[in-house]
Amino acid sequence: MLCCSLCNSRFSGEYRSGNLQRHKRTKHAEQRFLCPRAGCLRTFARKDARLKHERRKHPELDRPPAVSRR
Ligand SMILES: [Zn+2]
Ligand SMILES: [Zn+2]
């Protein structure tokens with residue numbers, strides 16, 4: 001069983017590895033994380049990169065520490 005690290009879709013079966021790769025290419029290739037700050041148009045490939053940016057550039061957003069939590 002393989003799990004997509006970006007959306008937790010699951011893939012099983014003979015072609016799971018190829019299916020996962022194709023899924024990531026098609027579903028997440030254009031996915032970007034946008035800075036939520038109004039007027040800031042920065043986008044990031046990763047959520048943690050965006051969080052780092054938010055903490056550094058927009059301390060007024062008061063982001064909590066990077067703890068992955070659901
Ligand atoms: Zn996915
Ligand atoms: Zn920003």
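Guide: A definition to begin with: two residues are in contact if their C-beta atoms, placed from the backbone, lie within 7 Å. In the protein chain, of the contacts between residues at least 6 apart in sequence, 2% join residues at least 24 apart. This is a predicted model, in which local features need pLDDT of at least 70, side-chain atom pairs count only at pLDDT 80 or more, and totals for chains, interfaces and linings use all residues. Residues are numbered from 1 along each chain as its sequence is written, while chains are lettered from A and ligands numbered from 1 in the order in which they are written.

Visitor: What does the protein chain average in pLDDT?

Guide: The average is 84, and 87% of the residues score at least 70. pLDDT is the predictor's confidence in each residue, from 0 to 100.

Visitor: In which element is confidence lowest, and in which is it highest?

Guide: Confidence is lowest in β4, with a mean of 84, and highest in β2, at 96.

Visitor: How many helices and strands are there?

Guide: The protein chain has two helices and four strands, in the order β-β-α-β-β-α from the N terminus. These are DSSP runs numbered from the N terminus: helices are H or I of at least four residues, strands E of at least two.

Visitor: What share of the residues counts as buried?

Guide: Of 70 residues, 1%. Buried means that 20 or more other C-beta atoms lie within 10 Å of the residue's own, exposed means 12 or fewer, and partly exposed is in between, with C-beta atoms placed from the backbone.

Visitor: Where is Phe11, and what does it touch?

Guide: Phe11 sits in strand β2, residues 10-11. Leaving out residues up to four places away in sequence, Phe11 touches Leu2, Arg16, Asn19 and Leu20. Phe11 is partly exposed because it has 17 C-beta neighbours inside 10 Å. From Phe11 to His23, twelve residues apart in sequence, the C-alpha to C-alpha distance is 9.5 Å.

Visitor: What about the phi of Asn8?

Guide: Asn8 has a positive phi of about 65 degrees, although it is not a glycine. Asn8 lies in the loop between β1 (2-3) and β2, and is exposed because 7 other C-beta atoms are within 10 Å.

Visitor: Changing topic, what does UniProt list for residues 35-58?

Guide: The unreviewed UniProt entry lists "domain: C2H2-type" there. Such positions use the numbering used here, feature names are shortened, and annotations may be inferred rather than shown by experiment. The span is 46% helix and 8% strand, with its end C-alpha atoms 10 Å apart.

Visitor: Is Pro36 buried or exposed?

Guide: Pro36 is exposed, because 11 other C-beta atoms are within 10 Å. Pro36 is in the loop between β3 (33-34) and β4 (43-44). Its C-alpha atom is 10.0 Å from that of His58, 22 residues apart along the chain.

Visitor: And Leu34, which strand is that in?

Guide: Leu34 is in strand β3. The C-alpha atoms of Leu34 and Phe44 are separated by 6.3 Å, with the two residues ten apart along the chain.
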